[in-house]
Amino acid sequence: MKERQNKDTPSLNIGFTKEREPGYKYSTLADRAKFAHDILEFYSKVHKDSVEVPNWNKLTEEERKMEIDLAEEVYHNHRTDVSDAPTVHRLWAFKYVSHGWTYGKKYDAKKKTHPNLVDYIDLVLEERKKVKIYIRALVLANEIFDNDWM
């Protein structure tokens with residue numbers, strides 16, 4: 001018997017960046033970055049985080065590019081252990097600040113403000129946990145989509 005999902009329960013809707021042709025290997029950095037982002041979005045909704053992760057399709061083009069660049073840096077610098085969370089957060093924050101973002105009490109893509117533009121140690125526990133989940137999601141994406149590109 002299929003359980004009926006409560007309309008208030010978030011669903012995990014992991015997708016890919018574009019429609020793919022038959023036989024396409026889902027191994028682009030964009031696919032991997034989106035996969036990790038989708039995992040964070042789901043986690044954020046389930047836990048009703050104070051800083052909700054917006055849907056990938058609602059990110060600006062600039063934000064998507066920064067997410068893809070971050071995924072590339074995490075892999076190419078081998079920042080794939082949760083102990084690397086402070087460094088990964090610093091890389092993420094640097095990308096946002098270098099694109100004109102500043103600290104703000106609320107996330108606002110139009111004003112370019114984000115409450116997580118603080119040192120890792122100053123993040124609330126749930127946000128530090130999300131950095132670690134992001135790292136694990138990227139590692140999982142690599143395992144799912146194969147290891148031949150690292």
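Helices here are DSSP runs of H or I with at least four residues, numbered from the N terminus. The model is a predicted one, so local features need pLDDT of at least 70 and side-chain atom pairs count only at pLDDT 80 or more, while totals for chains, interfaces and linings use all residues. Residues are numbered from 1 along each chain as its sequence is written, and side-chain values use heavy atoms, leaving out hydrogens and water.

Helix H1 covers residues 29-46. Most of H1 is covered, with 14 of 18 residues buried (under 20% relative accessible area, 1.4 Å probe, protein chains only). After H1 comes Lys-48, with a positive phi near 45 degrees.

H1 packs on helix H2 (residues 61-76) at about 100 degrees, the axes 9 Å apart (axes are lines fitted to C-alpha atoms over the stretch in contact, and angles run from 0 to 180 degrees between N-to-C directions). That makes the pair roughly perpendicular (65 to 115 degrees). On the H1 side, Leu-29, Ala-30, Ala-33 and His-37 meet Glu-67, Ile-68, Ala-71 and Glu-72 of H2 (contact means heavy atoms within 4.5 Å).

Beyond neighbours within four places in sequence, Leu-138 contacts Arg-32, Ala-33, Ala-36, Ala-71, Val-74 and Tyr-75.

Terms used
Helices (H or I, at least four residues) and strands (E, at least two) are DSSP runs, numbered from the N terminus. Angles under 35 degrees count as roughly parallel, over 145 as roughly antiparallel, 65 to 115 as roughly perpendicular and the rest as oblique. Buried means under 20% relative accessible area, exposed over 50%, partly exposed in between (1.4 Å probe, protein chains only).
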